[in-house]
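Thanks for coming. I have one structure to go through this morning, so please look at it on the screen while I talk.

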Amino acid sequence: MTTGHVFIAVSLDGYIARPDGAIDWLDAWPDVGHDYGFAAFMESVDGLVMGRSTFEQALRFSDWPYTKPVIVLSRTMGEEDVPSALSGRVRVSDSGPREVMNELSQAGWQRAYIDGGRVIQSFLREGLIDDLVITRLPIVIGSGLPLFGEVTEDVRLAHVSTSAFPSGFVQSRYRASAL
């Protein structure tokens, strides 16, 4: 079965975006010459699974940031909503988390990058996330879209490691499976 992996930045108060989905606060940091492990993480995955809101945010970048295949989970958009420049690189699916992971497994994917707050939450509820890399930025934005929403039961994670960087970023790795 394909395994799910998260690599995401959050504000110190736990938000991944402002209430309107904006991530402008991520750009307030100077380029420090490294990417906190993101390139190596991307090399380790076969592709991405993200929600509609995350997809729409990625479309706002000056260039499409992904070279690997992207699956957009949405019940409100279809293939016709994918820009023609991304045809063959982005696919829309209205499947649930487990069904998507089964489809990806059949397609030969070993590791999927799971991105977007609600998508991460739904995959966690289904037990489909193996590990998370969460980078906390030293900024409080006060409100927004939380990484973790309400849960019906506790989600236990095993701490693997934490690194602090001169930028003030603190990156923690957690294992979610096989606790």
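Which residues of α3 are buried? They are Pro 97, Val 100, Met 101 and Leu 104, where buried means under 20% relative accessible area, exposed over 50%, and partly exposed in between, with a 1.4 Å probe and protein chains only. Before I go on, this is a predicted model, in which local features need pLDDT of at least 70, side-chain atom pairs count only at pLDDT 80 or more, and totals for chains, interfaces and linings use all residues. Residues are numbered from 1 along each chain as its sequence is written, and side-chain values use heavy atoms, with hydrogens and water left out.

Back to α3. Helices (H or I, at least four residues) and strands (E, at least two) are DSSP runs, numbered from the N terminus. Seen down the axis of α3, the buried residues fall within an arc of 95°, so they line one face of the helix; the arc is that of the directions from the helix axis to the C-beta atoms. These buried residues pack against β1, β3 (47-51), β4, β5 (90-93), β6 and α4, and contact means heavy atoms within 4.5 Å. Just after α3, Gly 108 takes a positive phi of about 95°.

Now the cores. A nonpolar core is a set of buried Ala, Val, Leu, Ile, Met, Phe, Trp, Tyr and Cys residues joined through side-chain atoms within 4.5 Å. The largest one has 25 residues, and those with the most contacts inside it are Val 49, Leu 104, Ile 114, Phe 123 and Ile 129. Among the elements that give two or more residues to this core are β1 (3-11), α3 (97-106), β6 (111-115) and α4 (117-125). The largest share, four residues, comes from α4. A second, separate core of 19 residues includes Leu 48, Ala 58, Val 92 and Tyr 113. In soluble globular proteins, nonpolar side chains tend to be buried together.

What does Ile 114 touch, not counting residues up to four places away in sequence? The answer is Gly 4, His 5, Val 6, Val 49, Val 119, Ile 120, Phe 123 and Ile 129.

Last, Ala 22. This residue is found in the loop between β2 (15-17) and α1 (38-43), and is partly exposed, with a relative accessible area of 22%. Leaving aside neighbours within four places in sequence, Ala 22 is in contact with Ala 17 and Gln 57. Ala 22 and Gln 57 are 35 residues apart in sequence and 7.6 Å apart in space, C-alpha to C-alpha.
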